Amino acid sequence: MMNDTQLTQPQLGDHGLDNWRELPIRQQPSWPDRAQADKVLADIATRPPLVFAGEVDRLRTRLAAAARGEAFVLQGGDCAETFAAATADKIRARVSTVLQMALVLTYGASMPVVKLGRMAGQFAKPRSKDVETREGVTLPAYRGDIVNDFAFTEQARTPNPQRMLEGYHISASTLNLVRAFTTGGYADLRAVHSWNHDFRSNPKNSRYEVMACEIDRALQFMAATGADFDALREVEFYIGHEGLLLEYERALTRVDSRTGTPYDTSAHFIWIGERTRGLDEAHVDFFSRVRNPIGVKLGPTTEPDTVLRLLDKLDPEREPGRLTFITRMGATKIRETLPGLLSAIKAEGSTPLWITDPMHGNGFTTERGFKTRRFDDVMEEVRGFFDAHAEAGTHPGGIHIELTGDDVTECLGGTDQIDEATLETHYESLCDPRLNHRQSLELAFLVAELLQNRGAAN
Ligand code: PEP
Ligand code: CO
């Protein structure tokens, strides 16, 4: 989608976009050849933007609606996208999973659902250790496909800056397909609902049959009233990723001629991870200077004062839709920690958007070495999130999920009752475990019930 705006490259130092270079920074690769990295970054800086300023602004208004309790956000995708898995089939499966979940949530919430991928650029990963040791051999940790390769050899694990350019091109081709799927008639509501058929026809999912039938009837009702399904053939679908690799994000930052403000054009939405949100550090400084809606992950040890200071740094104007707090506390911790944060921010008069990431606080490793999460813990954190908001009188604005459209076995439980033995059969993630297609839909039905009950209680 084009609009009559020009995006130009900012010069070094403009708009404070390079101040971060003087600040403490975490989780960056050390490129063996600095000159080569600079050459690649200079090349990326000349390439076209992936997203446009007008789209980014529109997402900000959508997120503002969610912060007011007038929309619900669904953000989903891989923990770590890989270059190899950026195929048409896998991208389509992921987008369809998000669209199917969104339809169920729209019904449950009786509100628009803002669809936001963790995709088309989710390539850089923070790691708990800089190195990995296997059988006495120590190599640099895998930091995501945009930095190095997962294979455990010295050559593969050495950070290679050329991968940033490859990451840019793969983001562009992924986004191109996402745009085609979501505007080319593929996302027609009736088609999306018919894809749910497989899930419904499984007797194990009979618990969800009532709601699935209600959605059928609602669609039939719309058709009978002459609803213009053609107008519903296009959906807005936004992309987002963790803005971890700051040199890459800086190289894709452009100034919008309409307003003279910088946008990070690598994605509509960028978030700052739990490990890089230091108040006086590079990531918070850089993202305070671009116009995109920004997310910040908040873990279980977050203090109210930190949240207030993040608001002051990243959203000093308290602009609706600018700042999203993505809480990831764990199924039990959320009930202890979140209500206090919500009350403190509410007392200050701010209304950021709050969404729950029920994945990252619930991970553990099985005895046989598989990183996993329990479906029930994920759902319990979502319940804790809704309860905390009910208690504080604030809006539970959305969910952020690691998922795939494929039939993997990475998270335990769900109606298919994936157990530890089954985990080993289709475990593909290079990073954190994802809900598979059916587990994702099941989660959507359960969250839709929570949204319905909430509607009934209001
Ligand atoms: C992630 O979203 O994959 C991630 C690393 O999250 P967090 O920063 O919350 O640990
Ligand atoms: Co993850």
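Which pocket is the space taken by ligand 1? In this predicted model, that space is the second largest pocket.

**Figure 1. Residues around ligand 1 in the predicted model.**

**Figure 2. Polar contacts of ligand 1 with Lys-125, Glu-274 and His-360.** Lys-125 places a polar side-chain atom 2.8 Å from an oxygen atom of ligand 1. Glu-274 contributes a backbone N or O atom, which lies 2.9 Å from an oxygen atom of the ligand. For His-360, an N or O atom of the side chain is 2.9 Å from an oxygen atom of ligand 1. On its own, ligand 1 has 300 Å² of accessible area, and the protein covers 97% of this area.

**Figure 3. Protein donors of the cobalt ion (ligand 2).** Cys-79 (SG), His-360 (NE2), Glu-402 (OE) and Asp-432 (OD) lie 2.1 to 2.4 Å from the cobalt ion. Along the sequence, these donor residues follow the spacing C-x280-H-x41-E-x29-D.

**Figure 4. His-360 and Glu-402, a pair linking distant parts of the chain.** His-360 belongs to the loop between strand E12 (353-356) and strand E13 (363-365). Glu-402 is in strand E15 (residues 398-402), and the two residues are 42 residues apart.

Technical notes:
Residues numbered from 1 in each chain as written. Chains lettered and ligands numbered in written order. Predicted model: local features only at pLDDT ≥ 70, side-chain atom pairs only at ≥ 80, totals over all residues. Heavy atoms only, no water. Near = heavy atom within 4 Å. Polar contact = N/O pair within 3.5 Å; in protein donor to acceptor, adjacent residues only side chain to side chain. Areas by Shrake-Rupley, 256 points an atom, 1.4 Å probe, with all protein chains shown as cover. 1 Å grid on protein atoms, 1.4 Å probe; cavity = no way out; pocket = protein on both sides within 12 Å on 5 of 7 lines; lining within 4 Å. Sits in = over half its atoms within 2 Å of the grid points. Donors = N, O, S within 2.8 Å, 3.2 Å for Na, K, Ca; no water. Helix = DSSP H or I, 4+ residues; strand = E, 2+ residues; numbered from the N terminus.
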